[in-house]
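Have the 3D view open as you read.

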Amino acid sequence: MKSSTLLFPLCTAAGAFALAATVPLGDPDMYWHLASGQWMLDHHEILRFDIFSSTVSGQPYSVGEWLGEVLFALVFNAGGWAGLTLFRALLAAVAGFALARLSRRGGAPIIAALLVVVWAVAFSKTRWIDRPAMFTFVLFPVVLDLLYSARAGSRRALLAIPPLILLWTNLHGGYVVGLALVLAFTVEAAARRQSAFVPLALTLVASVGLSFVDPETFGVAGAAAHALAPPRFISEEAPPDVLEPSGVLFAGFVLATIGLALFRGGELLDALLLIPLLWLALSAQRHLAFFVVAATPFIAAGGARLYVRLRPHGVPMRPLPGVLSVGIAVAFAALALASAIGRPGAPDEHAYPAGAIAALRTGTGTLLNEYDWGGYLIYRVPERKVFVDGRLFPFYPAVLLDYRDAVELRPDWKGVLSKYDVREALLMPAKPLAVALRESGWTVRAEGSNFVLLAKP
Amino acid sequence: MRTPLLVPAGIGIFFGAITTRLPVGDSDVFWHLVLGRQALQGTIGVPEAVSGLSWTASSYPGSTDQWLGQAVLALGYAAAGWRGIVALRAIAVALLIGIIVYTALRERPTRPLVAVLAALPAIALSRFIWAERPELFGFVCFALLVLLLRAGRSGSDRALYWIPALILVWANLHGSFALGVVLTALVAIEGAVAQPARRRMYVVAAIGTFVASLLTPAGAGTWTAPAFHLLNPPRQIQEWAVPDVTTLPGMIFSVALLATFAVAFLARTRSAREAVLLLPVLFISLTAVRQMPLLPIVAAPYLAAYGGEALSELAALLRVRVPRGAFTSRQPARVVDLGALVIGGIVFALAAGTGTDAPALDGFPTAAVPLLRAGPGLLNQYDWGGYLIWSAPRTPVFADGRLIPFLGPVLDDYSTVVGVHPGWRELIARRGIRQILVRPSDPVAVRARDLGWPIRASSDTFILIDVP
């Protein structure tokens with residue numbers, strides 16, 4: 001590949017790295033992923049049963065992300081919180097690189113590609129998280145870019161896909177979207193290009209086969225069930241709100257896609273890719289990025305053609321002079337370096353009940369905790385078992401229903417507390433249960449602006 | 001080519017007649033009727049301090065938007081009781097669906113099956129707005145606007161001139177008129193650029209539309225409610241929640257949305273002009289559950305116009321042969337159209353005359369009404385406010401579905417007490433709440449039972465608690 005064609009993806013990668021490196025860690029699920037990975041490293045086996053909770057202790061479960069958890073733990077052991085921040089930034093850089101390459105797949109000039117990529121990166125920033133799902137946000141554009149390469153004639157690109165799917169399957173449950181990408185290109189090849197069909201079909205078969213090589217996968221059916229019935233009480237599983245900042249950016253992609261499709265039409269592949277991904281995006285916020293990434297080449301190419309149509313005598317873009325290209329590359333590299341040096345050294349834990357940790361360590365009995373704090377407590381107070389945490393599946397549905405009945409003060413809240421013999425409750429002060437327990441004479445063991453730790457008298 | 005009326009009228013009347021068998025009981029219909037009755041008595045926008053509907057929003061100056069829609073409902077009730085409301089709802093549904101199908105059929109007059117298929121998502125999704133309130137009239141106006149805008153764009157000056165008149169009625173019927181004004185402006189701008197010879201028509205339509213929107217009792221103030229609702233949708237109210245494509249209405253919405261995308265990608269004919277209508281409506285329809293039906297309505301004629309092309313393209317790709325002229329039909333004569341209208345009208349009148357004649361009150365606290373104390377002091381479930389305004393006029397409500405009078409402190413206090421948040425008992429004392437009428441599963445009901453507060457009455461639906 002020519003160095004000029006690499007400049008744009010490299011600069012995008014550096015920009016994404018610089019942006020991601022400045023955002024502090026703090027995802028509530030990061031902590032239990034780290035704890036799980038650490039346990040697997042310590043015990044040299046895959047964690048297949050619950051060791052963190054009091055409610056489902058010892059019960060088998062799978063979140064399908066063992067390798068992702070191990071990798072995160074390895075990185076943490078090697079570089080601490082700063083290492084994790086840089087690792088996430090590195091993943092964002094890879095995603096940015098692939099996104100930039102994708103943006104020019106439709107033949108878009110660099111200025112159009114740049115505008116769409118900046119827009120997509122601004123959106124993606126809201127999805128750069130500190131857990132194995134990040135691997136999906138990286139591998140999705142990478143696999144899509146490889147498929148476009150294969151569509152353009154590169155059979156070698158296809159060879160990379162099954163191993164990537166194998167890796168993805170063990171890293172995170174989002175690999176199913178990767179299989180869907182391969183399927184879309186295969187269907188298109190079957191309809192339009194007979195010669196490309198066989199290699200793509202073989203790639204699909206190999207990818208599907210390798211996706212079963214995972215010691216703890218919850219499978220395609222599990223992923224489909226999750227997509228069709230997302231647990232709405234988790235904020236990232238809620239439908240997207242187009243009046244919120246990230247929703248506005250997403251809506252822009254949707255409107256641009258349909259607008260450009262009306263203006264210049266599309267191909268069968270566009271329909272096969274973007275229509276299912278649009279539905280998926282509308283089903284839950286966590287899936288928005290798939291549509292944004294997949295729509296990037298279509299919007300960049302379509303936007304450029306619209307510009308030419310509207311301004312047929314406009315100034316055409318000329319390639320940048322070599323000196324300027326080098327200058328831009330150096331500037332982006334310096335920016336990435338500066339961000340790496342100035343990275344946050346510790347997670348942002350202001351939303352967590354840090355002030356309750358000392359009291360928790362000396363407390364006893366079953367602890368009822370806020371769902372969002374479960375992961376944090378697993379990591380910070382390992383001596384206390386949690387009631388629920390972000391692993392979701394082990395608690396679904398029985399424990400989660402009990403948890404909701406108690407915390408939201410449903411009619412059987414007292415029955416739930418006695419069923420689990422709850423001795424302490426760590427809640428947000430505004431929760432109805434916190435109010436009711438205070439009124440019922442539970443003692444306050446620790447209190448802050450965002451938490452209260454109550455103990456049964 | 002003339003667009004036949006047989007199919008649109010038949011389908012519209014069919015669904016309108018069906019609605020006469022459905023129950024009445026929208027939680028908002030009751031307060032709309034009360035305000036409509038005031039409007040018929042010549043008092044639009046009665047200050048809350050005078051009307052005494054609620055005891056928490058006495059400084060609210062009164063609402064004038066929707067006055068005409070409320071007056072129409074009140075007229076229906078005055079004429080024939082609940083059967084009059086049912087008849088109005090049936091007429092509105094018949095008009096809505098008839099116009100949707102007609103607009104689609106207008107694009108393919110000889111292909112009624114294609115038009116009906118294109119309109120199917122809109123018809124199906126409209127089921128969720130068959131409610132007896134002014135919002136339904138707003139949807140009828142929207143469907144009519146789409147028809148007029150498309151007709152105007154394809155050369156009918158008369159259609160353009162009718163738009164300001166439509167907006168004049170719409171602005172007094174329901175707050176959704178704002179979308180109509182914006183769409184008209186966008187179509188006018190696009191039309192003025194694409195058709196310079198008709199520029200004056202477009203300018204007149206756009207300006208006339210805007211001026212017409214101001215001819216309401218509130219004047220320019222009539223724009224405040226739509227703007228507020230668009231930018232600050234009250235998400236805690238179900239119909240203002242974010243659209244969810246995993247629910248039944250969301251899936252129907254998805255069909256329209258994804259079909260629109262598929263046709264845009266696959267149809268050979270480029271249709272950039274459609275973006276002027278489709279894009280803004282798509283965005284609005286994504287903002288809240290209650291806006292979802294807008295997209296299928298505006299997409300129906302687009303799907304009818306270009307869906308066949310897209311399907312042909314797909315069939316060619318899949319090497320499936322579609323016979324030429326499939327699904328075409330001969331145009332019926334005018335007399336057939338007329339006959340269909342007459343027969344449909346008779347069927348419709350029979351259905352409306354024998355339709356539902358009482359509201360379904362299963363979900364309301366009917367047994368609690370006689371036990372409510374007169375005067376201020378009741379904290380009621382938000383969803384029951386309208387019903388209590390209607391059935392217990394001596395007991396003003398804490399809050400009801402009118403929403404805007406209660407935004408801010410009233411709804412904040414309501415949430416604090418009903419949700420048992422910190423300070424809930426102090427609020428009860430400070431507000432002077434004497435009775436609480438909520439659902440048995442509401443935290444305040446659970447807590448009141450725990451505390452042994454006197455329970456005046458309870459059922460599976462409600463619990464009425466006296467505050468000690």
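Which strands of chain B does helix 18 of chain B lie across? Keep in mind that this is a predicted model. Helix 18 of chain B lies across strand 2 and strand 4 of chain B, and it runs at about 130° to strand 2 of chain B.

Those two strands belong to an open sheet in chain B, made of four strands in the order 1-2-4-3 with mixed pairing. Strand 1 (378-380) and strand 3 (455-458) of chain B sit at the edges with a single partner strand each, so one side of each has no neighbour in the sheet. Ignoring direction, neighbouring strands here are turned by 10° against each other on average.

Now zoom in on one pairing. Strand 2 (residues 435-438) and strand 4 (residues 463-466) of chain B pair in the antiparallel sense, over four bridges. If you want a spot to check by eye, find Q435(B): its bridge partner in strand 4 of chain B is D466(B).

Next, the contact between the chains. It takes 38 residues from chain B and 40 residues from chain A.

| Element of chain B | Residues |
|---|---|
| Helix 11 | 248-266 |
| Helix 12 | 275-287 |
| Helix 18 | 443-450 |

Sorted by class, the side of chain B that touches chain A has 26 nonpolar, eight polar and four charged residues.

Methods
Residues numbered from 1 in each chain as written. Chains lettered and ligands numbered in written order. Predicted model: local features only at pLDDT ≥ 70, side-chain atom pairs only at ≥ 80, totals over all residues. Contact = placed C-beta atoms within 7 Å. Nonpolar A, V, L, I, M, F, W, Y, C, P; charged D, E, K, R; others polar. Pairing = 2+ DSSP bridges. Axes fitted to C-alpha atoms, helices over the stretch in contact; angles between N-to-C directions.
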